[in-house]
Amino acid sequence: EYWEQCSTTLEDKNQQNNMQPDIQELEGKIDIKFANAALIEEALTHRSYVNENRDRRSNHNERLEFLGDAVLELITTQFLFQKYPDRPEGDLTSFRAALVRTESLAGCAGQIELGKYLFMSKGEEATGGRSRPYILANAFEAVIGAIYLDKGLEAAEKFISQYLLVNIDNIVANRLDAVSYTHLRAHETGR
């Protein structure tokens, strides 16, 4: 199986990077104990770490981020569809864009101090990688992917609800979606 191919242990990563992220501490914060520790370790491994440690057999988090993005979109879309039965598709799209934008996801990652648990290169860390919004947002999505694979859709939904979906009332009340949706439409149309 794919996860059994990962021979790098958490201890190897800690020794190599001279840091001691406490994965159990993170599991306690998010109230999820991973049955397959390789999943959460991969979710927390930035590409720079793998590039700097080529002698180690590690995977970076981009595939889990890809999966987590899809799970996040599904759960967010279903939530909005059910919460706002009388709102048109354009409003729902706008709300979703505001919820899942980089800054929003980075904020959620900040709530659980995700940056301190990341494996990354010394150079990336030295240039502020642990607090860079897109790195945090990507890692947050990778954690969602890891939760989905390890615990299933219901656990992923609980995690997303606890850290992200709770922000929807503020987004709607303060029309924080308007900026996000305008930016999304401009990007889609190339303007």
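Residues are numbered from 1 along each chain as its sequence is written, and side-chain values use heavy atoms, with hydrogens and water left out. Because the model is predicted, local features need pLDDT of at least 70 and side-chain atom pairs count only at pLDDT 80 or more, whereas totals for chains, interfaces and linings use all residues.

**View 1. Ser 104 in helix α7.** Ser 104 lies in helix α7, residues 102–111 (helices are DSSP runs of H or I, at least four residues, numbered from the N terminus). With 15% relative accessibility, Ser 104 counts as buried (buried means under 20% relative accessible area, exposed over 50%, partly exposed in between, with a 1.4 Å probe and protein chains only). Leaving aside residues up to four places away in sequence, Ser 104 touches Ala 98, Leu 99 and Leu 164 (contact means heavy atoms within 4.5 Å).

View 2. Helix α10 spans residues 153–163, and its buried residues are Ala 155, Ala 156, Phe 159, Ile 160 and Tyr 163. Seen down the axis of α10, these buried residues fall within an arc of 135°, so they line one face of the helix (the arc is that of the directions from the helix axis to the C-beta atoms). They pack against α2 (23–30), α5 (62–83), α7 and α9 (133–151), while the face turned away from the buried side carries the exposed residues Glu 154 and Lys 158.

**View 3. Leu 153 in helix α10.** Leu 153 belongs to helix α10 and is partly exposed, with a relative accessible area of 37%.

Technical notes:
Helix = DSSP H or I, 4+ residues; strand = E, 2+ residues; numbered from the N terminus.
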